[in-house]
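Student: Could you show me how to read a protein model, feature by feature?

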Amino acid sequence: MQTLSRLFRFFEAVLFPPLCLVCRAHLKTEERSRWLCGNCAIPFDFPIGFFCPFCRRRSPVIPSCHPETRFAGIAPWKYENKRIRELIHLLKYEGVKTAAIPLGEALQSYFLRSAARGGILFSNFIVIPIPLHPRKLRKRGFNQSLLLAHPLRSSMMPILQDALVRIRATSSQTALESREARARNIYGSFAVKSPEAVCGKNILLVDDVLTSGATMREAARVLKKAGAQRIIALTAARTS
Ligand SMILES: [Zn+2]
Ligand SMILES: [Zn+2]
């Protein structure tokens, strides 16, 4: 059976050699696991560490300037980074699930290094991907945040998929300009389905892009209300 599946993988690799997600070049063996060629590999834009989602001040440790924002941000790339934009676009709008692999793995490495630098211990942590409304999930077929969160899962940090749910469909945040409009649009759209699973826990919230921070703020608000302790918002990219 094993020989058969090895044989199958061999022919699969010959017939459909994996191509770089960005430039479609053939990948060398050592590049295949990250789905990007050497030219398209993405270095981190930011030095290791956290930022305040309110004033965007950077800090190697969790910023204490605006504790009322309820969470600390962490993101390895600027959204202006053309390659990051391309990968996120492939993932969200073209259904290329493999685009989550290089992003998710880099997210994991960036997060672990930032957490170590900031003295974060992993006791009592759970990973919660920002959920999609069921209608949107049906349309896209997958939750991109869950795919991005996958590499972060460990025995010390399990992923809880259904603890936080979307109870109201919202219009796209990207279509809205102001911070206030985005906050109004998202208010009341999340609910904690299983408060006992989040009460007393530290939470790593995962999403693709942090723009105004309204989505994360609203998710953090309901999670705090359910008794969550420390909340860290991890996104692949941030806009400022
Ligand atoms: Zn390439
Ligand atoms: Zn601040």
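Student: Does Arg-70 count as buried, exposed or partly exposed, and how many C-beta neighbours does Arg-70 have inside 10 Å?

Tutor: Start with the rule. A residue is buried if 20 or more other C-beta atoms lie within 10 Å of its own, exposed if 12 or fewer, and partly exposed in between, with C-beta atoms placed from the backbone. Arg-70 has 19 such neighbours, so Arg-70 counts as partly exposed. Its place is in the loop between strand S2 (58-59) and strand S3 (72-74). Arg-70 also has a positive phi of about 75 degrees, although it is not a glycine.

Student: What kind of model is this, and how are its parts labelled?

Tutor: This is a predicted model: local features need pLDDT of at least 70, side-chain atom pairs count only at pLDDT 80 or more, and totals for chains, interfaces and linings use all residues. Residues are numbered from 1 along each chain as its sequence is written, while chains are lettered from A and ligands numbered from 1 in the order in which they are written.

Student: Where does Trp-35 lie?

Tutor: Trp-35 lies in the loop between helix H1 (2-15) and strand S1 (50-51). Its phi is positive too, at about 60 degrees, and Trp-35 is not a glycine. Trp-35 counts as buried, because it has 22 C-beta neighbours inside 10 Å.

Student: How many helices and strands does the protein chain have?

Tutor: Helices (H or I, at least four residues) and strands (E, at least two) are DSSP runs, numbered from the N terminus. Here there are eight helices and nine strands. The radius of gyration, taken over C-alpha atoms, is judged against the globule rule: 2.2 Å times the number of residues to the power 0.38. The chain has 19 Å, close to the 18 Å that the rule gives for 240 residues, so it is as compact as a globular protein of that length. Buried residues make up 36% of the 240 residues.

Student: Which strands pair with S8?

Tutor: Two strands pair if DSSP finds at least two bridges between them. Strand S5 (residues 125-129) runs parallel to S8, joined by five bridges. Ile-126 stands opposite Ile-203 in S8. S8 also pairs with strand S9 (residues 231-238), in the parallel sense, over seven bridges. Ile-203 stands opposite Ile-231 in S9.

Student: Why is S8 largely enclosed by the rest of the structure?

Tutor: Count its buried residues. Seven of the nine residues of strand S8 (residues 202-210) are buried, so the strand is largely enclosed.

Student: Which residues touch the most other members of the largest nonpolar core?

Tutor: A nonpolar core is a set of buried Ala, Val, Leu, Ile, Met, Phe, Trp, Tyr and Cys residues joined through C-beta atoms within 7 Å. The largest has 63 residues, and Leu-205 and Leu-223 touch the most other members. Helix H3 (residues 100-117) gives the most to this core, with eight residues.

Student: What does Leu-223 touch?

Tutor: Contact means that two C-beta atoms, placed from the backbone, lie within 7 Å. Leave out residues up to four places away in sequence, and Leu-223 touches Leu-164, Val-192, Val-198, Ile-203, Ala-228 and Ile-231.

Student: What domains does the assignment give?

Tutor: Domain bounds come from an automatic or database domain assignment. Here it gives domain 1 (1-41) and domain 2 (42-238). Their contact takes seven residues from domain 1 and eleven residues from domain 2. Their centres, taken over C-alpha atoms, are 29 Å apart.
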